[in-house]
Amino acid sequence: MNIEVNSVEETQRIAEKLGQLVEPNMILLLDGDLGAGKTTFAKGLAVGLGITRNVKSPTFPIVREYREGRLPLFHMDVYRLEGMGGADLGLDEYFNSDGVSVVEWSEFIQDELPDDSLRITLLKDEDDDNRRVIKLDSYGSQYTQMLEQLTKKNG
């Protein structure tokens with residue numbers, strides 16, 4: 001599924017709708033170039049979960065936890081793990097918890113990721129800095145069902 005957006009606000013609205021649909025133990029993989037809007041997407045997702053705290057990029061701590069919403073949000077940025085992987089970090093404890101795991105730069109820990117997930121790729125438009133294509137690829141039936149619900153919700 002591809003969704004075209006023309007502003008930060010539209011990106012956050014799509015993510016907010018998705019945040020209203022996610023369930024415990026779901027894993028969302030956020031991929032895209034620097035500045036594509038991965039953290040912006042995570043902020044919208046947090047709003048959809050009812051999280052009121054400001055969501056910041058977890059670049060330095062690798063994982064930021066937000067527990068005050070409908071479900072806990074575990075926001076990960078694994079960019080610094082390029083070439084190392086995340087096997088020793090215990091990420092599977094987050095993946096198998098009661099929360100939602102959002103992983104930015106997931107390609108750097110591909111071997112540690114479960115088979116079932118939702119891959120969200122944010123593609124920047126070369127001609128318009130505000131325009132993005134949000135590409136959603138589901139791996140597993142619960143993610144496919146969630147995208148069907150998102151389609152209905154998004155109109």
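This report describes the fold, the nonpolar core and selected helices and strands of a predicted model.

## Basis of the model

The model is predicted, so that local features need pLDDT of at least 70 and side-chain atom pairs count only at pLDDT 80 or more, whereas totals for chains, interfaces and linings use all residues. Residues are numbered from 1 along each chain as its sequence is written, and side-chain values use heavy atoms, with hydrogens and water left out.

## Overall fold

The chain holds four helices and seven strands, where helices (H or I, at least four residues) and strands (E, at least two) are DSSP runs numbered from the N terminus. Read from the N terminus, these elements follow the order β-α-β-α-β-β-α-β-β-β-α. Of the contacts (heavy atoms within 4.5 Å) between residues at least 6 apart in sequence, 62% join residues at least 24 apart.

Of the 155 residues in the chain, 48% are buried, a term that stands for under 20% relative accessible area, with exposed set at over 50% and partly exposed in between (1.4 Å probe, protein chains only). The chain exposes about 7,900 Å², of which carbon and sulfur atoms supply 43%; accessible areas come from the Shrake-Rupley method with a 1.4 Å probe, and for residues only the protein chains shown count as cover.

## The nonpolar core

In soluble globular proteins, nonpolar side chains tend to be buried together. Here the largest nonpolar core has 47 residues, and Leu 18, Val 22 and Leu 28 have the most contacts inside it; such a core is a set of buried Ala, Val, Leu, Ile, Met, Phe, Trp, Tyr and Cys residues joined through side-chain atoms within 4.5 Å. When residues up to four places away in sequence are not counted, Val 22 touches Leu 28, Leu 45, Leu 49, Arg 70, Leu 71, Val 100 and Met 146.

Helix H1 spans residues 8-19 and reaches 16 Å from its first C-alpha to its last, close to the 16 Å expected at 1.5 Å a residue, the expected span being 1.5 Å times one less than the number of residues. Its buried residues are Thr 11, Ile 14, Ala 15, Leu 18 and Gly 19. They lie on the same side of H1, because they cover an arc of only 145° around the axis, taken from the directions from the helix axis to the C-beta atoms. Their cover includes strands S1 (2-5) and S2 (27-31) as well as helices H2 (38-48) and H4 (141-154).

H2 is largely enclosed by the rest of the structure, because eight of its 11 residues are buried, including Lys 38, Phe 41 and Leu 45. Among the elements that cover the buried residues of H2 are H1, S2, strand S4 (73-77) and S5. Gly 50, which follows H2, has a positive phi near 85°.

S6 is mostly covered, with six of its eight residues buried. Two strands pair if DSSP finds at least two bridges between them; S2 and S6 run parallel and are joined by four bridges, with Ile 120 in S6 as the bridge partner of Leu 30. S6 also pairs with S7 in the antiparallel sense over eight bridges, and Lys 124 stands opposite Arg 132 in S7.

Ser 117, found in S6, is buried with a relative accessible area of 4%. Beyond its neighbours within four places in sequence, Ser 117 is in contact with residues including Ile 27, Leu 29 and Tyr 143. Ser 101, in strand S5 (residues 100-104), is buried with a relative accessible area of 1%, and its contacts, not counting residues up to four places away in sequence, include Met 26, Phe 74 and Tyr 94.
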